[in-house]
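Here is a short briefing to read beside the model.

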Amino acid sequence: MAKLYVFGIGGTGARVIRSLTMLLASGVKIDADEIIPVIIDPDRANGDTTRTVELLKSYVKIRTDLKFDGGKANRFFETKINLDINPSVFLPIEDTQDKRFDEYIGYNGLSKSNRALASMLFSKKNLNADMQVGFKGNPNIGSVVLNQIQSSQIFRNVISSIQQNDRIFIISSIFGGTGASGFPLLIKNIRQADQHINNYAIARSASIGAITVLPYFGLKDDPDSAIDSSSFISKTKAALSYYERNLNEANVLYYIADKVKKQFDNYDGGEKQENDAHIVEVISALAILDFMSIDGQYLQNDANNNPINPAYKEFGIKEDADVDFSKLGDVTNAIIKKPLTQMVLFSKFLKEKFSSSYKGQPWAKDLNFDDNFSHSPFYNEIKEFGNGYLIWLKELALNERKFEPFEITIPENELFSLVQNIEPAWVACLDSNYDLFNNRLNKCAKSHIAHSDSDKNNNFVQLFYEATKILVEEKLRMN
Amino acid sequence: MEIFSKIYSWFVTYPESLYQFLSGLDCEMVEESNTNQFILIGFVTLFVSAMFCLLFYFVRHSKYNGFLSWFVVLLLDAVTSWLVGWEICKSNEGNIPDCFLYKPGTLDLQIDSMAYVAFGFSNTIVAVIWFLLFSVILKRFSTDCRHTPWKSIWPRH
């Protein structure tokens, strides 16, 4: 296995990385040793982006205390997310703050003929556009500004860290400004990496996968906003046409689209742009897993670093309706069903039951999960992560199209009915619901008793992984 | 089976003549000329305590795994064992020879209904001892109660 570099461009890129992080936290398997996320977005205050960056940092913080080298069973947070190469996660886009686009290109300093050319390519509205919150759905602006990434020191650091067999994945939307313009530029800058960068040749020949997200949501009409979602389709057509003629550098290109059912509040960008999670983003994250599962022999490039067998993929569901596990294919269910369910149970227990359980249950006594632990930074971090996970699922369930595999708010006395369309099985035990959960934790804790206090955080996560694994296997028949 | 007679001799809260009768002595104090009732009482009490203990440690809702739940089961065992002691004495009421029933040379009863009540309490003490003993043995094999009763009453900080 090798490293995977995930470039998320714009708000959609950030949201797909958020979904990917949630999948990895729940233990979904990916064929990569570690993942290096990079978010490209001039709008650093974008709510979607900052939320994803915080989530990634939280994941890394939690994982620091976990061990995966002892052959133990835990898979929560198993995949390493590496923020050492780029601790801020961002790939900075310089010189866009408090600047209009005409100032950025030095429009007033151009010769008369060049000014005329620029006026042909960019409308007055484009030239006067404030770029503080991105390119507001204008890929023609983005294609100029984002060209600077090739000279960015962080980009050069990232490229120089690429080793043989590492892979790259690029996430972008096609109907906005940043993603639509950033994707072709980024892939070009990787395939033609500056030869003064270390490992440039490896980067140029790396296997690259990408997902292009077609319109899947709309924005409410707002005369004060620069973004008009009615142009999404025409922009998409134009961009697809460009990609068809000019974009052949990706080894695997995934397309994802959905009927536009939901209209979000129309914010140009900034901290208010915080769209609810959507199933399209989850499926986009699954594309990354799929890309990593492809055998390297199908991702070869020729001498000019062009893919020999480029592949194009789409994703389908069983019927055009809201989605739960029963609407997904067997392969997808085999990847996500069990881990997502385990993580839901873990998160719900932390939220609803831990405080009333740890003082009386043997599993807590055996492993010293006492008051000190319940106030420790690690516990608070993982509890917050769990709450974020439940919020993410709730957003997916409230969006259009709904992805609602769980009934998150199910009462405690029906805990194991939380998976839609799965009737919990009978088990030979007087306990049910959280009492059964505690019983299984007690059972699993017996095998951990010898562990030292220094492993407490690791023991905690491992214990819950093992107990939830038993519970989903025996109560929900997920094997 | 002398062990049961021995155990019950430690907690004689009832008339000694009742102890002698239950031990199987006759009026000449010849040992085991009659049935030793302590064998039956002892086995029944042992069995009852074992059953209550097994129920608590292995067949129980996991939320009832603390000291209070253990104590409630102990009380149930104690009450049941009192009834066992009282009932077996009571059922032998017509079989007690006069030499045990009356104070020597008088017609004053020395084994009356209060004697059965008192014997029931002795049996309760024996049952509690069995229950504690079984608790020590069984707790380590229990999933949900392996710290009950001792560690479960220690305060946790």
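A polar contact is a pair of N or O atoms within 3.5 Å; within protein, one must be able to donate a hydrogen and the other to accept it, and residues adjacent in sequence count only if both atoms are side-chain atoms. One such pair involves Asp48(A): a polar atom of its side chain lies 2.9 Å from the backbone nitrogen of Asn275(A). This is a predicted model, in which local features need pLDDT of at least 70 and side-chain atom pairs count only at pLDDT 80 or more, while totals for chains, interfaces and linings use all residues. Residues are numbered from 1 along each chain as its sequence is written, chains are lettered from A and ligands numbered from 1 in the order in which they are written, and side-chain values use heavy atoms, with hydrogens and water left out.

- Asp48(A) sits in helix H2 (residues 47-64) of chain A. Helices (H or I, at least four residues) and strands (E, at least two) are DSSP runs, numbered from the N terminus.
- Asp48(A) is buried, at 0% relative accessible area. Buried means under 20%, exposed over 50%, and partly exposed in between (1.4 Å probe, protein chains only).

**Contact between chains A and B**

- Chain A brings 22 residues to the contact and chain B brings 18. Contact means heavy atoms within 4.5 Å.
- The two chains bury about 1600 Å² between them, with 42% coming from carbon and sulfur atoms. Buried area is the accessible area (1.4 Å probe) that two parts lose on being put together, summed over both.
- Lys365(A), Leu430(A) and Lys446(A) give 35% of the area that chain A buries against chain B, more than any other three residues.
- Nine residue pairs are in polar contact between chain A and chain B (both at pLDDT 80 or more).
- On the side of chain A that touches chain B, helices H14 (362-366), H15 (371-374) and H17 (433-445) each supply at least two residues. H17(A) has the largest share, six residues.
- That side of chain A divides into seven nonpolar, six polar and nine charged residues. Here Ala, Val, Leu, Ile, Met, Phe, Trp, Tyr, Cys and Pro count as nonpolar, Asp, Glu, Lys and Arg as charged, and the others, Gly among them, as polar.

**Salt bridges across the interface**

- Two salt bridges cross between chain A and chain B. A salt bridge is a side-chain nitrogen of Lys or Arg within 4 Å of a carboxyl oxygen of Asp or Glu.
- Asp366(A) pairs with Arg146(B) at 2.5 Å, N to O.
- Asp435(A) pairs with Lys63(B) at 3.9 Å, N to O. Asp435(A) lies in helix H17 of chain A and Lys63(B) in the loop between helix H3 (37-58) and helix H4 (67-91) of chain B, so the pair joins two chains.
- Asp435(A) is buried at 12%, whereas Lys63(B) is partly exposed at 47%.

**Salt bridges within chain A**

- Lys348(A) and Glu352(A) form a salt bridge at 3.1 Å, N to O. Both lie in helix H12 (residues 330-352), four residues apart, about one turn of the helix.
- Lys348(A) is buried at 1%; Glu352(A) is partly exposed at 28%.
- Asp370(A) bridges to Lys456(A), with the closest N and O atoms 4.0 Å apart. Asp370(A) lies in the loop between H14 and H15 and Lys456(A) in helix H18, so the pair ties together parts 86 residues apart in sequence.

**Helix H18(A)**

- H18(A) is mostly covered, with 16 of its 20 residues buried.
- Arg477(A) follows H18(A) and has a positive phi, near 55°.
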